[in-house]
Amino acid sequence: MTRRAHGEAMSWTKDLEEQLPGGEEHRAHGERDGEAASAALLAQHKAEEARGSEVVDPYGASRQAMPRPSEQVSSLNASLFVLGWLINNIGVTLLNKAAFQFVKFPYPYTLSAVHMACNTIGTLVYFGVFSEERKKRKNLGIDGQRRILAFSLIFAANIAIGNASLKYVSVNFNQVMRSLVPGVVMVIGSQFFGKSHSADRKRTLVPVIIGVMLACFGEMHFSYLGFFVTCFCVLLAAAKVVLSNVMLTGEFKLGPLDLLSRMCPLAFVEIITVAFLNGELAALAADWPELSQSKAIPVVLISGIASFTLNITSFYANKMTSALTLSVAANAKQVLMIVIATIVFGTPMNAVNGVGTMIVLAGSAWYSQVSLAESNASEPGKQRG
């Protein structure tokens, strides 16, 4: 059809519509239908752009496209940070225990002070390199500074007592006892902050408690002093979890590394003061000629550096992955820690200890699953893969 013939046909059709009853109305409906169709196509195009990874074919069927290179790199980075967190978590505990048992560095408070010094230097370097992150730091008033100081006491005590507990008990016993932390967090949250917890979550603590009782029975390097120190460590760890949540999500909403940079210098001063008052620094000075010639100093320094990289990998792993990923990694860490510690440190474990440990691990996995399910139910669409 020529352009002229096409134009005449369109003109004839328009005249016919005007002559027929309701012709104007028919044409108006047609124009509105055309506009609606155009709007629908535009909306579909925008939806396809927003989805990015999903392709829609002409017949309305959708199929999953190949992952983009940027998505593959992001997934690889997330996996590397989770792996780094897992290695650092196991490494710090094993290095601390090795410092006490293998290289004869019986100074838990000095070890903790080294950790705080490494974290202080690490955060200074981090905010020095990443200037944009430094600009995001918040200015706290007098009330905020007081809360930071109060929290630093709990923070320092948790680290110092936690390291000290490894001097008196096995890594296995320490890990099993730390499985009680979620239960203590529940108690503190309900008693002091008015938080409520579901019956399902409370039920998950039953196998954990039973498993801990079995794991503590018999030959797992048990001592009453180590038991009470570890119990105090569990209480401090739970308090630190609750107060960290308050500082990170409450009134101040500090970033994790921002909070760390404020806590570590104060914790260093507090811990080193305790080391001085209880005579640990004097004993360290007396042993220094011998220690300086041993492997103790490199082990302690590597442990301090690993404690900072643990905080970095923990922050980014939490940012780049999901709660499910970290829950699985945490459960894997517990199993690996117990297996490795049993082999490396020769920790004896009888059948009752073994059964109790497995019950604790199963209970911890159940708790993680229930906690994640409740989190997904309350915040749909926020979980990452």
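1. Contact, as used throughout this note, means heavy atoms within 4.5 Å. Leaving aside neighbours within four places in sequence, G226 is in contact with Y168 and V169.

2. The model is predicted: local features need pLDDT of at least 70, side-chain atom pairs count only at pLDDT 80 or more, and totals for chains, interfaces and linings use all residues. Residues are numbered from 1 along each chain as its sequence is written, and side-chain values use heavy atoms, with hydrogens and water left out.

3. Confidence comes next. pLDDT is the predictor's confidence in each residue, from 0 to 100. The protein averages 74, and 73% of the residues score at least 70. Over residues 1–43 the pLDDT is below 50, and this stretch has eight contacts in the model beyond near neighbours in sequence. Residues 45–66 also stay under 50; the model gives them 17 contacts beyond four places in sequence. Where pLDDT is low, the predicted coordinates should not be read in detail.

4. Overall make-up: 16 helices and two strands. These are DSSP runs, numbered from the N terminus: helices are H or I with at least four residues, strands E with at least two. Of the 385 residues, 38% are buried. Buried means under 20% relative accessible area, exposed over 50%, partly exposed in between (1.4 Å probe, protein chains only). Among contacts between residues at least 6 apart in sequence, 83% join residues at least 24 apart.

5. Helix α4 covers residues 108–129. Its 22 residues should span 32 Å at 1.5 Å a residue, and the end C-alpha atoms are 32 Å apart, which agrees. The expected span is 1.5 Å times one less than the number of residues. Of the 22 residues in α4, 16 are buried.

6. How do α4 and α12 (residues 256–277) cross, and at roughly what angle? Their axes come within 8 Å and cross at roughly 150 degrees. That makes α4 roughly antiparallel to α12. Axes are lines fitted to C-alpha atoms, for helices over the stretch in contact, and angles run from 0 to 180 degrees between N-to-C directions. Angles under 35 degrees count as roughly parallel, over 145 as roughly antiparallel, 65 to 115 as roughly perpendicular and the rest as oblique. The α4/α12 crossing is left-handed. A crossing is left-handed if the near helix is turned anticlockwise from the far one by less than a right angle, right-handed if clockwise.

7. Helices α8 (residues 181–192) and α11 (residues 224–249) have axes that come within 8 Å and cross at roughly 60 degrees. That makes α8 oblique to α11. Their crossing is right-handed. V181, V184, V185 and I188 of α8 meet α11 residues, among them V234, L235 and V242.

8. G226 sits in α11. This glycine is buried, at 0% relative accessible area. G226 and S170 are 56 residues apart in sequence, yet 9.1 Å apart in space, C-alpha to C-alpha.

9. The axes of α6 (residues 142–168) and α7 (residues 171–178) come within 8 Å and cross at roughly 135 degrees. The two are therefore oblique to each other. G162, S165 and L166 in α6 meet V171, N174 and R178 in α7.

10. One backbone point to check is K104. K104 has a positive phi of about 55 degrees although it is not a glycine. Most residues other than glycine have a negative phi. K104 lies in the loop between α3 (69–101) and α4, and counts as exposed at 57% relative accessibility.
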